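Colleague: I'd like a close look at a single part of this one. Could you pick a helix and walk me through what sits around it?

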Amino acid sequence: MADELRDLGGATVLVADPDGRPIATERDALDLIGAAFLGATVVAVPAARFDPSFFALGTRFAGEIMQKFVNYRLRLVVVGDISAHLARSGALRALVAESNRHDQVWFLPDLDALDERLRAAG
């Protein structure tokens, strides 16, 4: 499957291909942001696409990527099971909890949860 635009919860979402190139650099994130300019307001990226450094907050990679999406006024959604990463890091658990309380970056288990969250956000 290639990256594709989908309507979820009334929003146009760029759903990134689970088998796509790993997101290991800011350039990789900017490529997704560029693809989103085809009309998406939300970018849903499978958690498995992120380099493990994204989940190790000491690297600051997650913050850099999240800030890029904020700067371009796009919502980033990390989709999938990140429980192994959460088990290793209290700081990551705190980041996920705080992010999910707001509107810019969400960590959700699947696209169905994203659809529900977007519908609720109206």
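This is a predicted model: local features need pLDDT of at least 70, side-chain atom pairs count only at pLDDT 80 or more; totals for chains, interfaces and linings use all residues.

Modeller: Let's take helix H2, residues 61-71. Its buried residues are Phe61, Ala62, Ile65, Met66 and Phe69. They sit on the same side of H2, because they cover an arc of only 125° around the axis. What do those residues pack against? Helix H1 (26-36), S3, strand S4 (75-79), helix H4 (90-100) and S5.

Leaving aside neighbours within four places in sequence, Phe69 is in contact with Ala29, Ile33, Val43, Leu74, Leu76 and Gln104. Just after H2, look at Arg73, which takes a positive phi of about 55°.

Now the core. The largest nonpolar core has 27 residues, and the ones touching the most other members are Val45, Phe50, Phe54, Phe55, Ile65, Phe69 and Leu76. H1, S3, H2, S4, H4 and S5 are the elements that give two or more residues to this core, and H2 gives the most, with 5 residues. There's also a second, separate core of 13 residues, with Ala44, Val77, Leu108 and Leu114 among them.

As for the strands, 5 of them form an open sheet with mixed pairing, in the order S1-S2-S3-S4-S5. Strand S1 (4-8) and strand S5 (105-108) are the edges, each pairing on one side only. From one strand to the next, the twist averages 25°. Strand S3 (residues 42-46) pairs with strand S2 (residues 11-15) in the parallel sense over 3 bridges, and Ala44 in S3 is the bridge partner of Val15.

Conventions: Residues are numbered from 1 along each chain as its sequence is written. Side-chain values use heavy atoms; hydrogens and water are left out. Two strands pair if DSSP finds at least two bridges between them. Helices (H or I, at least four residues) and strands (E, at least two) are DSSP runs, numbered from the N terminus. Axes are lines fitted to C-alpha atoms, for helices over the stretch in contact, and angles run from 0 to 180 degrees between N-to-C directions. Buried means under 20% relative accessible area, exposed over 50%, partly exposed in between (1.4 Å probe, protein chains only). The arc is that of the directions from the helix axis to the C-beta atoms. Contact means heavy atoms within 4.5 Å. A nonpolar core is a set of buried Ala, Val, Leu, Ile, Met, Phe, Trp, Tyr and Cys residues joined through side-chain atoms within 4.5 Å.
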